[in-house]
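Subject: The two-chain model, handed over

Hi,

Here is the structure I promised to pass on. Have a look at it first, and then read my notes below.

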Amino acid sequence: MATYDNKAWLLKNIRDAFIATDDTGLCEIVMAGEDFSKIFQTKAIEEKKRIKNKTINKPSTSKDRDSFVEDDEKEIATQFDPYPDMEDSDEDPMYGSWFRHEEFGGHRQRSNTAQWLDKKELALKKAAKIKVIKWEGPCPQLTDEQIVEAFQKVEVKRPQKQRSLLTEQLEKCPDFPHRQYLEYAKFDGTAQLGLPTKVFKIFMTTLPEKLQNYPVIVSVIASAKIKDLIGFTCYKYSIEHPEITLGSVHDYGLCIAEDDGEVDWAFPCLDNNEPCSKFGFTCLGLIDVKQKEKIVTTPIPDLDMGHSVFCFPKAPDSGQSHVNSKQHTGGSDTSEIMKAMHSVTEGNKGFGFQSGPPITDAPQDKLYRVQLLHKMRTSTPVQLCITLDQIEVVPLVTQKHAFWSRPKYFLHSMNSVAWCQMLEAKSNKTSFRIVYSPSHDTAFNESFTSGTSSTFQSTAIYKKHDFECDHDTARKIVDKVNTILDLRNSPCRREYKNAKEKKLQTRRSFHTKQLKS
Amino acid sequence: MTMSGDGQAGASQVALVTGGYDHTIKLWQAHSGVCLRTMQHPDSQVNDLEINPSGQMVAACGYQHIRMYDLASANPDPIINFEGVTKNVSRVGFQENGQWMYTGGEDCTARIWDLRAGRQFQCQRIFQVPAPVNAVVLHPDQSQIMVGGQSGIIHIWDLKTDHNEQLIPEAEASIQDIAIDPEGKLMACVNNKGNCYVWSLGGSPPRPVPRKHLHAHNKYALRCNFSLDSTMLVTTSGDCSAKVWSTKDWSLIRELRHDSQRWVWDAAFTIDSRYLFTGSSDSYARLWDLEKGTLEREYCGHQKPITALAFRDQAV
């Protein structure tokens, strides 16, 4: 997990976020002269040179000094360098989309000449495939024979009455369901040449579960608005699946989703009137706006567990729900993003959040105040309640206005918790991870609400929460959870352990094979 | 019927092709309305489209070029590019065996392009007229070409004798399009005043005899076309309509309008004369059932006005 102690990285990202989210373009003008990334980059290069000179001047035992220097240059890290793992951290596309601009991360801008040469080469290649016929002046004199050969008068026959294949085809296919979305067909990116396009993976969350497995991959022109993207998705889907009826385009919204299709319900829908090009996300979930309203407007659950489960009809999917009382169905988000930006910086200041004293001293039921780490490298304070039966994550809302840190409420049955371990110990805090399986949670919710016993699914998907708090609390929590887990030894935990063990074994065997060979 | 867009339109021989101001040419699956392919027509709008007699290729003419595209492959680029014309090429058509192609353009010429490869003699020919050419059409007897343009004159160019005759249907009006019915008995033209003139060609000796003057539209007329059975004539116009006329009594059979339809640039009949395709400035092509007068299909995908379309039907 990354922290935000790199000035260059932070400044660059804040700057980019400002520019990227400012419709008016004012930010860009104001900040035009202050591209921190460049300033720091130059500083880093200078620093490197300085360090390098130092090392070179030192007596060296290496015979091949040149290669030594070259290798070493990459190794030299200065305080101005961005995080080393920044580029290969693609586990979270969201992070990449809002905070990091495309060109960040050292893509060298190609020179105009190089681009021009490329274009020229492409055009030449294309032209080579096209046969060019130049107009040649008219033949001076055609003989009568030649004229007869080329321009012979033919007898005009009365065309016969014919049946048309098209008419037949039309009769066979009286109508198509995609017709209602036809107006969106013009946003098809695959049917454009020369226009910038964007490709999205869209998960159709409104469909029955078995149809949700694969996302619809749509390519639209970049200037298409989100509502056009919705329309085009419906269009494309109904062409590919004429047997499925979709609703009106106005009933749908697009939400940010993860690679596996899980929609992040805490975020508002993307603004229908904004162009697609504005958003960096490529994984989106098509959702029913009404359904979202229902979920989003659900009141804050009290800590009584029974209620919280009933409150969130959508919860069984992942065992999560929402503590938002504010409706957001696609209003302009720019200001909210700005606020969120602020909250990042604020959030960082309060990073050394200390865990509070336990509220209750009951040996099995413990409440801890910890920081829930988000994928976007922010964190929110939550109350972690661990009992013998369940783990509850209750957000402690401190930043009401920051839309992205509108926290989620989670409730996991101990049966669905598979693993708990320390991750990383830093100077004043330790992070730890709880792995759970939503599929086992579903079973839990069912049995919980209906009181019937349930069978566990054999193929489980594991998800995780990462937390952070001081060393002692972290150790206590991890110990406690592990003790409970060992006590229960649920199928979920056994499966996870087995899977882990297998993984390790295959790795080991691979390793030994490699060593032998 | 499958709707998969695998570019099989060439194989099934039913092909609808549209082109326009967005510098693209689109191939459609006519019965479903799905766009199968998009081809690039660089640097120019498409003034006219014509599918060649074999049905394998479509010719598109625009500024300084006539380009031929392969309908059966997925190649978005033309395979043949005819150049050497200085201005817009407004019309293109083929001799019935595909031996040669004819064009007309704003450089005040009509041209014959020899398409036969590896021949000793080439039958390239050029016909100069005093004004930019808007319309060129080949008589079904394959030996006369009608050339009309800004001057309002229709030149009848006899390819065998190289003689030409002139017709001036209306003074101070430019000829926008000319059509000859498949039986070679009727010739129609429309002009920029919205008037349509019809001649009989069937007499002996075969010279045009004025037959009918239709005040077809109140605005600029753009195209005219006969149905394959010669019973209908369609005229399209800047008044946002296409009108279908009976060639028997010159009565109006259908007036094809749609709320969002704007200028109608081009029209084509199916071979059974039951349906009509139109292409419009609202970037939609439409399919109309002429028997019922209903709109059957819409073809959406172009970003800008559709100015030309070509349709190839197949007999069953």
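Let me start with a loop: B:Asp162 sits between strand E14 (154–158) and strand E15 (164–167) of chain B. (Helices, H or I of at least four residues, and strands, E of at least two, are DSSP runs numbered from the N terminus.) Before going on, some ground rules: this is a predicted model, where local features need pLDDT of at least 70, side-chain atom pairs count only at pLDDT 80 or more, and totals for chains, interfaces and linings use all residues. Residues are numbered from 1 along each chain as its sequence is written, while chains are lettered from A and ligands numbered from 1 in the order in which they are written.

B:Asp162 is not a glycine, yet its phi is positive, about 70 degrees. Most residues other than glycine have a negative phi. B:Gln142 is another non-glycine residue with a positive phi, near 65 degrees, and its loop runs between strand E12 (133–138) and strand E13 (144–149) of chain B.

Are these two buried or exposed? B:Gln142 counts as buried because it has 22 C-beta neighbours inside 10 Å. B:Asp162 has 12 such neighbours, so it counts as exposed. (The cut-offs: buried means 20 or more other C-beta atoms within 10 Å of the residue's own, exposed means 12 or fewer, and partly exposed is in between, with C-beta atoms placed from the backbone.)

In chain B, 4 strands make an open antiparallel sheet in the order E12-E13-E14-E15; two strands pair if DSSP finds at least two bridges between them. E12 and E15 of chain B are the edges, each pairing on one side only. E14(B) and E15(B) are joined by 4 bridges in the antiparallel sense, with B:Ile154 opposite B:Leu167 in E15(B).

Residues 16–38 of chain B are 0% helix and 70% strand, with end C-alpha atoms 12 Å apart. For residues 264–298 of chain B, the figures are 0% helix, 66% strand and 14 Å.

Now to where the chains meet. The contact takes 43 residues from chain A and 58 residues from chain B, counting two residues as in contact if their C-beta atoms, placed from the backbone, lie within 7 Å. On the chain B side, strands that supply at least two residues each include E2 (24–29) and E7 (80–83). Strand E1 (residues 131–134) of chain A runs parallel to E7(B), joined by 4 bridges, and A:Lys134 stands opposite B:Glu83 there.

As for chain A itself, I found 15 helices and 13 strands, and 31% of its 517 residues count as buried.

Last, the cores. A nonpolar core is a set of buried Ala, Val, Leu, Ile, Met, Phe, Trp, Tyr and Cys residues joined through C-beta atoms within 7 Å. The largest has 143 residues, and B:Val17, B:Val58, B:Ala188 and B:Leu309 have the most contacts inside it. Its largest share, 7 residues, comes from helix H9 (residues 226–240) of chain A. Another core, of 29 residues, lies apart from it and includes A:Val370 and A:Phe410.

Cheers
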